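Here is a quick walk through a protein model for someone meeting it for the first time. Have a look at it, then read on.

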Amino acid sequence: MNVKELQLHSVLTFFSSFLQLTLYLGKRDYVDHVQNQFCGMITHWLMFILFSPVFVKLACAFHYGREDLDVIGLSFRKDIWVKHIQLYPDAGHKPNLTPMHGCLLKKAGEQGHAFTFDIATNLPCSVTLQPGPDNAGKACGVDFEVKTYIATEADPEQKLDRKDIARMIIRKIQFAPDATGAPGPKADICKSFMMSDKPVHLQASLEKEIYYHGDPINVNIKVKNETSRTVTKIKITVEQTTDVVLYSADKYTKTILSQDFGETIDANSTFNKSLAITPLLAENKKKRGLALDGRLKDEDTNLASNTIIRAGMDKEVLGILVSYKIKVNLMVSSGGLLGGLTASDIQVELPLILMHPKPQGKLIVLPNK
């Protein structure tokens, strides 16, 4: 195996007057609860003796403002989890070497220093809040950053010179669990109207519990209309709720899909049909504050996956909680001289889980320590 065959996703180099320091990462995505370690390597090429230690840092942080606005001591960043490793001079770090390490160490010789981070399993996944069309700078959200730097101590309080730092953003992603065979959610309601002794029954259900981003969602709708009124239209909406729990109790609900179906249900009749919807980021590019899966630079992404809260996890540590729900509305005609009924006469809600499927092929699960 040679360096080209490794297909390194990220290589970042910075130069000072007498030093070239390069940060290598084999990939920029790691998977929650599949890989609990993240690995990389740095190389340094010196013209003179390096007097200051070299550190590498992995941090999970929540950004809620642009870093270039960090003035008069006001911070727009909160670290959720941080870990430092001293790589030079050797301070006893013993990484679990991978084929990538072996190849690069063979090439770099004594100038190469491998590292692996053991990552806590209760950390949030990478989430970005979509900026407005006129917003510039770093978007708000949760991200992970790998940084190597030259300093006299780990994480010094004073700001480091840019020429002494190399950094890259990585992503923590989460795949949907294996199919459990559990049925999808179901909701129903029975509503009567004034001057009518019989009701309208509405039942809505989903075929399965988890859907993948970009896949159509079939909403099964059953209606039994025992009244003299007519259902003139069926409306389905999908809402995303983003709960920022780290620094405040802000909660935002945004409609990411609203679709009308011209299905009519006559008086004293029944209806049973599956209606397909597909919520997509492409239809919501201009909605400020919409939660997206973390992105790297200008790469495209998708709507944020649901936040999965496991037993024992601290919600505040997760930073941003994302959830979805589907609303099914029946638009019922006013009927007779009474009138006055609104366009959302009958409504039920269904929880929706959007996630990524596991990729094809074998995943290597690293043992917990």
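## A first look around

Y64 is partly exposed, with a relative accessible area of 28%; buried means under 20%, exposed over 50%, and partly exposed in between, using a 1.4 Å probe on protein chains only. You'll find Y64 in the loop that runs between strand 5 (54-63) and strand 6 (77-88).

A word on the ground rules. This is a predicted model, where local features need pLDDT of at least 70, side-chain atom pairs count only at pLDDT 80 or more, and totals for chains, interfaces and linings use all residues. Residues are numbered from 1 along each chain as its sequence is written, and side-chain values use heavy atoms, with hydrogens and water left out.

Now the overall picture. The protein has three helices and 20 strands, where helices (H or I, at least four residues) and strands (E, at least two) are DSSP runs numbered from the N terminus. Of its 369 residues, 44% are buried. Contacts here mean heavy atoms within 4.5 Å. Among contacts with a separation of 6 or more, 66% are between residues 24 or more positions apart.

What about the inside? A nonpolar core is a set of buried Ala, Val, Leu, Ile, Met, Phe, Trp, Tyr and Cys residues joined through side-chain atoms within 4.5 Å. The largest one has 68 residues, and I221, I236 and I326 have the most contacts inside it. Strand 19 (residues 320-332) is the top contributor to this core, with seven residues. Domain 1 (12-173) and domain 2 (186-355) each supply at least three residues to it; the domain bounds come from an automatic or database domain assignment. Leaving out residues up to four places away in sequence, I326 touches a list that includes L206, I236, I277 and L352.

Apart from that core lies another, of six residues, and Y24, M100, L104 and A114 are among them. Two of these names, M100 and L104, turn up again in helix 2, where H101, C103 and A108 are buried as well. A114 sits in strand 7 (residues 112-118) and counts as buried at 10% relative accessibility. The C-alpha atoms of A114 and M100 are separated by 9.6 Å. Not counting residues up to four places away in sequence, A114 touches G40, L87 and H101, among others.

A few backbone spots deserve a glance too:

| Spot | Backbone value |
|---|---|
| Y88 and P89 | cis peptide bond, omega about -10° |
| N268 | positive phi, near 55° |
| G109 | positive phi, about 70° |

N268 belongs to the loop between strand 16 (250-261) and strand 17 (269-277), and is exposed at a relative accessible area of 60%.

How many cavities of 30 Å³ or more does a search of the whole structure find? The search finds one. A cavity is a set of points on a 1 Å grid over the protein atoms alone where a 1.4 Å probe fits but cannot get out, and lining residues have an atom within 4 Å of a point. The largest cavity has a volume of about 230 Å³, a volume being the space filled by probe spheres set on the points, which are joined across faces, edges and corners. Its lining has 23 residues, with P124, C125, Q174, N306 and T307 nearest the centre. Both domain 1 and domain 2 give at least three residues to that lining.

Terms used. On a 1 Å grid over the protein atoms alone, a cavity is a set of points where a 1.4 Å probe fits but cannot get out, and a pocket is an open set with protein on both sides within 12 Å along at least five of seven lines; lining residues have an atom within 4 Å of a point.
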